[in-house]
Amino acid sequence: MQSTLKYGKTEAQMIAGVAIVMMLVHHFFGFADYRLDGNWIYEPVKIGGVSLERIFASAGKLCVAIFAFSSGYAIWVNRKGFASFKSIGKRILKFLLNYWIILAAFLIYAIFIGDNIPTGRDFIHNIYGVHTGPHEPYVNVAFAWYVVFYVSLLVMTPLLISIFSRPNRGGDIALLLCFALMPTLIGMSFLSKINAVPFDVIFGTLVSSIVGLLVAKWKIFDRMRRMTGNYAFIKGFFIAVFVLILRQIGLLTIGQTDISDALFAMLFCFGLLLMFEKINGTRIATILSFLGIYSMNLWFLHGIFFTGTRPLQVLLYYPRVSILILIWGLIMLIPVAMLFAWIQKHAWNSLSKLRIKSLSAR
């Protein structure tokens, strides 16, 4: 029986691959108001009046908590790499550069088709992912709100590592609960009136990252792995499915909470990691890892179907059948995501060379 659970770079990429597919399902099929008239989908099977597509789309919303959980886990495992503000600043700049390149492409696309673009304060907000979304009256990277969260997470990383560095389980739980209460406290404070920064969203998503950090710190997955015994794949599958079902029941009864999504994300990732033990090295694992590598670009790029006047949306929904729409969407998006990854890499390398030359010239 395996006593430790492998959660390295490859496994993180595979989890990201699963999460990005969940996100596409969530956005492609979960919001009828995102779709223009005529871009309908075939929904033949319904349970309690709700189509399977909408059920899976609702479950797919857990993707954000999964990404945030994985980020928190990686921060603790690689905490030495987050030790200095110089290294953090480099990570922030690289992340923002990758986003700005895609934002620039969206704006060029808007100008080309004669659509509205953000101006003035809206443009400034768009630079760090705020005032973005399908309902904004201009072309934007529609699901880029995660930008402001991730940058905030990186800025807070030294503080998080510092306050959670002491070996005190009770203290860690108390701190986690304090962070879980932050969105409510912010909602009752003057910070809720500052619409330039969505503090409630930032701290709400932060809870999942802190749970990931604590799981890594206390090696909780290894402890859970020793309890699962044999038949890890089967048990992992049922854990993942049970988590999604339980979350759906929770949404229908008590509603969504940040701490519940954080815990669901933790258990879902544990189930996936158990399954990965069996499928590692297979074609499925290769596909998931591949999707994970380009997951952030896919996250930003699929917003092109849900922004502005949405002339490209008809292409996405042309197959009408949900599984075909998902596959067709990936076929269209993946080459573009790979192209932007190449552009981003060369842009970062060029920027790094300019910085080195600037430093050597002093």
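Reply: The expected span of a helix is 1.5 Å times one less than its number of residues. Helices are DSSP runs of H or I with at least four residues, strands are runs of E with at least two, and both are numbered from the N terminus. The model is predicted: local features need pLDDT of at least 70, side-chain atom pairs count only at pLDDT 80 or more, and totals for chains, interfaces and linings use all residues. Residues are numbered from 1 along each chain as its sequence is written, and side-chain values use heavy atoms, with hydrogens and water left out.

Me: How far does α10 reach from its first C-alpha to its last?
Reply: α10 has 22 residues. At 1.5 Å a residue, 32 Å is expected. The span in the model is close to that, at 31 Å.

Me: Which residues does Gly236 contact, leaving aside neighbours within four places in sequence?
Reply: Gly236 is in helix α10. Gly236 is buried, with a relative accessible area of 0%. Its C-alpha is 3.9 Å from that of Gly271, 35 residues apart along the chain. With contact meaning heavy atoms within 4.5 Å, the partners of Gly236 are Gly271, Leu274 and Met275.

Me: What is the volume of the largest pocket?
Reply: On a 1 Å grid over the protein atoms alone, a pocket is an open set of points where a 1.4 Å probe fits, with protein on both sides within 12 Å along at least five of seven lines; a cavity is a set the probe cannot get out of, and lining residues have an atom within 4 Å of a point. Grid points are joined across faces, edges and corners, and a volume is the space filled by probe spheres set on the points. For the largest pocket that gives about 1500 Å³.

Me: Which helix gives the largest share of the lining of the largest pocket?
Reply: The lining has 35 residues, with Tyr150, Gly292, Ile293, Ser295 and Met296 nearest the centre. By class, 20 are nonpolar, 10 polar and five charged (nonpolar: Ala, Val, Leu, Ile, Met, Phe, Trp, Tyr, Cys and Pro; charged: Asp, Glu, Lys and Arg; polar: the others, Gly among them). Helices that each supply at least two residues include α1 (9–29), α4 (85–113) and α15 (322–360). The largest share, seven residues, comes from α3.

Me: How many charged residues line the second largest pocket?
Reply: The second largest pocket has a volume of about 820 Å³. Of its 27 lining residues, the closest to the centre are Met22, Phe56, Val241, Leu244 and Phe268. The largest share, nine residues, comes from α10. By class, the lining has 24 nonpolar and three polar residues; the charged ones number no residues.

Me: Is Arg310 buried or exposed?
Reply: Arg310 lies in the loop between α13 and α14 (313–316). Its phi is positive, about 60°, although Arg310 is not a glycine. Its relative accessible area is 8%, so Arg310 counts as buried.

Me: Is Tyr231 buried or exposed?
Reply: Tyr231 is in the loop between α9 and α10. Its phi is also positive, about 55°, although Tyr231 is not a glycine. Most residues other than glycine have a negative phi. At 63% relative accessibility, Tyr231 counts as exposed.

Conventions:
Buried means under 20% relative accessible area, exposed over 50%, partly exposed in between (1.4 Å probe, protein chains only).
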